Amino acid sequence: MLTNDQIKKANQHYVLQPWSKQAKRNPKIITDSEGIYFWDENNKKFYDMNAQLVYANLGHKHPKIIEAFNQFKELEISAPGFASESKAKLAQKIVDLAPNNMAKVYFTTAGAEANEQALKMAKAITGGYKIFSRYRSYHGSTLGAGNLTGESRRLGSEPSPPGFVKFDMPYLYREYQNFEDEKALSAQYLTRLERQITSEGPDTIAALVIETIPGSNGVLLPPDGYIKGIEKLCRRYNIMMICDEVMSGFGRSGEWFACDHYDVQPDMITFAKGVTGGYLPLGGVILSKELSTYYDDNVFLSGTTYSGHTLVCEIGNAAIKSYEDMDLIKHVKQMEIVMNERLEKLRVYKYVGDVRNKGLFGAVELVKNKQTKEPLIEYGTAQGNDKQGYMRAFSQLLLDEGFYTFAHESHVLVTPPLTITAVEINAAMDLFENALVRFEEQFPKMNEGYPAHL
């Protein structure tokens, strides 16, 4: 049994940590957890307000998941080519929960891999090679998913293979053009998108990929009519519509899938994270009936070693049963009201520009100046652009308070386990406000060029 010090030294020496410079890392160790809380090596308690990485939807140490692990210690391992009860039951359940045009599931191990497989399917079925995706999106860090991504985290995957095309998306808080209402704004963006489609040549376009609600770029809620308008364009020009629901799926937005809010039926939905509550890695692609029939007589030219892994699918079944037994979709809709009230209260703070949430999918956008909306961190540059350390400083203040979450660019996510209660939301957001008060006191000195450490 390693001591905490030995664990840290071994991690530093042998493990390449994602999205960070390696030399000065000092990651915490989670030594215990329960519900929406975890404790570090110093026995400090944290509210897990990011559900780890927006996947611990059922919280920590959920009894039904632990029971499922204990029940299947002797479960047979079977390769992807074999049929298994756990795989069949989970695929059927996912299809039942998805929009009613869906028919089959291809299982992967993660969200980026799901997006990669969806791209291959779209190209194979349509014969097109271009893939449209949006700026301010994140779809993963593998080569294909990285080039789908429309922000600075894609830079490590560039130069892009041929065919990746980006288009702009509406951003209500930072909109640069005048609009009468949300429908009018949607119409302007959809008109520009249609022009881009016709300019690129519709016959060359295999798919249009969107995060139904962009997550790590700030929970950017689509204006009225926008998602439905994208579906109409895809149908008009015979382009596949793929909704990336890796983060927004499985109850996060208050529906099983975020596309349910917008009355659309995509050709494919990619998923991961919440399907197992994060207890084991699992992702996948849900295919429509029309796409599924293509593979009745055409070879599916792809495969992965752990597709539909027996134990992982069993945990997926246990997770979805827990969602249903707890009526978590209804619970999320109730907690959405509580979360929204607490987020709206933050608007009085000097450096809070905007707040947004759908279900328990929330974000706070920080600014240097509320009047000019100057972002806390300049958008669109390479990773590590927080040169003054503003967001690092605020993130540290949150950690000092016991509020754990994820920050990217000028956004702080508020995405707790879906099991969170109203009392816990209020207690956690009190900590968030404490951090804001301290930030207001210290930011002026930081902005004058003082060191950003606190």
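Biologist: Is K93 buried, exposed or partly exposed?

Modeller: K93 counts as partly exposed, at 27% relative accessibility; with a 1.4 Å probe and protein chains only, buried means under 20% relative accessible area, exposed means over 50%, and partly exposed is what falls in between. This is a predicted model, in which local features need pLDDT of at least 70 and side-chain atom pairs count only at pLDDT 80 or more, while totals for chains, interfaces and linings use all residues. Residues are numbered from 1 along each chain as its sequence is written, and side-chain values use heavy atoms, with hydrogens and water left out.

Biologist: Where in the chain is the place of K93, and what is K93 in contact with?

Modeller: K93 sits in helix α4, which covers residues 85–97; helices (H or I, at least four residues) and strands (E, at least two) are DSSP runs, numbered from the N terminus. Setting aside neighbours within four places in sequence, K93 is in contact with I320 and E324, where contact means heavy atoms within 4.5 Å. K93 and G316 are 223 residues apart in sequence, and their C-alpha atoms are 9.9 Å apart in space.

Biologist: How about V332, buried or exposed, and what does V332 touch?

Modeller: V332 is in helix α11, residues 328–345, and counts as buried at 0% relative accessibility. Not counting residues up to four places away in sequence, V332 touches G251, R252, S253, G254, G359, L360 and L418. For one of these, G251, the C-alpha atom is 7.2 Å from that of V332, although the two residues are 81 residues apart along the chain.

Biologist: Going to the whole chain, what share of contacts joins residues at least 24 apart?

Modeller: Among contacts between residues at least 6 apart in sequence, 71% join residues at least 24 apart. The chain has 13 helices and 16 strands, and buried residues make up 54% of its 454 residues.

Biologist: What radius of gyration does the chain have, and what would a compact globule have?

Modeller: The chain has a radius of gyration of 22 Å, which agrees with the value near 22 Å for a compact globule of 454 residues; the radius is taken over C-alpha atoms, and the globule rule is 2.2 Å times the number of residues to the power 0.38. Along its principal axes the C-alpha trace spans about 65 × 60 × 45 Å.

Biologist: And how many positive and negative side chains are there?

Modeller: The chain has 50 positive and 56 negative side chains, and the centres of the two sets lie 4 Å apart. Lys and Arg count as positive and Asp and Glu as negative, while His and the chain ends are not counted; each charge is placed at NZ of Lys, CZ of Arg, CG of Asp or CD of Glu.

Biologist: New topic: how many disulfides does the count come to?

Modeller: The count comes to 0 disulfides, a disulfide being a pair of cysteine sulfur atoms within 2.5 Å. C234 is in no disulfide, and the nearest cysteine sulfur, that of C243, is 8.8 Å away. C243 is in no disulfide either, with the nearest cysteine sulfur, that of C259, 5.2 Å away. C234 is buried, with a relative accessible area of 1%, and C243 counts as buried at 0%.

Biologist: What about the backbone, where is the peptide bond cis, and which phi values are positive?

Modeller: The peptide bond from E158 to P159 is cis, with omega near 5 degrees, and P159 is found in the loop between α6 (143–148) and β6. Phi is positive in N43, near 65 degrees, and in N238, near 55 degrees. Most residues other than glycine have a negative phi, and most peptide bonds are trans.

Biologist: Are N43 and N238 buried or exposed?

Modeller: N43 is exposed, with a relative accessible area of 59%, and lies in the loop between β2 (37–40) and β3 (45–48). N238 is exposed as well, with 66%, and belongs to the loop between α8 (226–236) and β8 (240–244).

Biologist: Last one, P170: buried or exposed?

Modeller: P170 is buried, with a relative accessible area of 3%, and its place is in the loop between β6 (164–167) and α7 (182–200). Leaving aside neighbours within four places in sequence, P170 is in contact with E175, L185, Y189, P223 and Y226.
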